[in-house]
Amino acid sequence: MCGRFALFTPLDRLAKQVGASVPESSGKPRYNVAPGTWITAVRQESEESAPLFDDLWWGYRPKWAKGSGNQPINARVETVATNGYFKGAFARHRCLIPADGWYEWIKDSQPKQPHFICRADREPIFFAGIFAEREDGSLGCAILTEPARGSAADVHDRMPLILDDNSLAPWLAPDITDRETLRNMVKHIDAGLIEHWPVSTKVNKPAEGQGEELINPA
């Protein structure tokens with residue numbers, strides 16, 4: 001799964017990677033981004049328009065659910081295209097969620113031991129996401145997950161779907177709605193790029209742990 005991540009790369013640098021206009025604000029570094037908060041995402045409204053940065057609520061619940069539906073933070077890549085709750089967004093409302101890495105916890109550790117997982121070259125990453133309009137008119141999103149690969153499997157059996165550079169544009173493209181077409185065009189990063197290390201248990205409490213020291217090896 002993906003339930004906590006960090007984003008500290010300036011947005012102007014990320015904008016160049018996705019062909020988006022540079023936002024007026026460079027964004028405040030966040031080292032412990034938790035569900036149920038506003039997060040930075042990239043989406044594309046039409047074929048003619050460039051990708052844009054937007055704030056999305058991390059919690060997916062389309063307005064037709066009328067407040068009674070689940071509000072998942074993740075969607076499984078194996079079923080997102082066919083699950084009735086997600087398939088409309090998968091076809092027409094895909095987004096990218098930039099990050100510098102994410103946290104996962106060693107199973108059955110006491111206290112819960114978090115690890116920070118990122119690219120070995122420290123380059124930023126882009127999670128594949130979907131979004132939908134919520135009942136209040138805002139946009140809510142979920143991060144896609146896949147079976148853990150590479151060293152990430154040492155920590156957890158699932159991980160966010162991280163797209164390689166050539167997959168960013170087709171993932172955002174509103175005109176690509178066919179599942180098989182998308183599957184052929186979109187690839188995840190090489191598993192050999194992923195590494196992790198244990199970090200402070202302060203990550204476990206977002207209200208207490210927010211500083212850059214959170215990603216330092218414990």
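**Exercise 1. Which residue forms a salt bridge with Asp54, and how far apart are the closest N and O atoms?**

Work through this on the predicted model.

*Step 1.* Find the partner. Asp54 forms a salt bridge with Arg43, and the closest N and O atoms are 2.9 Å apart.

*Step 2.* Asp54 sits in strand β4 (residues 52-58) and Arg43 in strand β3 (residues 38-43), so the pair ties together parts that are 11 residues apart in sequence.

*Step 3.* Check accessibility. Arg43 has 13% relative accessibility and counts as buried. Asp54 has a relative accessible area of 23% and is partly exposed. The cut-off for buried is under 20%.

*Step 4.* Look for a network. Arg43, Glu45 and Asp54 are linked by salt bridges.

**Exercise 2. Find where Glu123 and Arg13 lie, and say how many residues separate them.**

*Step 1.* Confirm the pair. The side chains of Glu123 and Arg13 meet in a salt bridge, 2.9 Å from N to O.

*Step 2.* Locate the ends. Glu123 is in the loop between β8 (114-119) and β9, while Arg13 is in helix α1 (residues 11-18).

*Step 3.* Check accessibility. Glu123 is partly exposed at 31%. Arg13 is partly exposed at 37%.

*Step 4.* Compare another pair. Glu146 and Arg149 form a salt bridge at 3.0 Å, N to O. Both Glu146 and Arg149 are buried. The model's count of salt bridges comes to 9.

**Exercise 3. Which element gives the most to the lining of the largest pocket?**

*Step 1.* Take the volume. The largest pocket holds about 360 Å³ of space.

*Step 2.* Read the lining. It has 16 residues, with Val77, Leu161, Leu182, Arg183 and Val186 nearest the pocket's centre.

*Step 3.* Assign the elements. β10 and α4 (179-185) each supply at least two lining residues. α4 gives the most, with 3 residues.

Technical notes:
Residues numbered from 1 in each chain as written. Predicted model: local features only at pLDDT ≥ 70, side-chain atom pairs only at ≥ 80, totals over all residues. Heavy atoms only, no water. 1 Å grid on protein atoms, 1.4 Å probe; cavity = no way out; pocket = protein on both sides within 12 Å on 5 of 7 lines; lining within 4 Å. Points joined across faces, edges and corners; volume = space filled by probe spheres on them. Helix = DSSP H or I, 4+ residues; strand = E, 2+ residues; numbered from the N terminus. Salt bridge = Lys/Arg side-chain N within 4 Å of Asp/Glu carboxyl O. Buried < 20%, exposed > 50% of the residue type's maximum accessible area, 1.4 Å probe, protein only.
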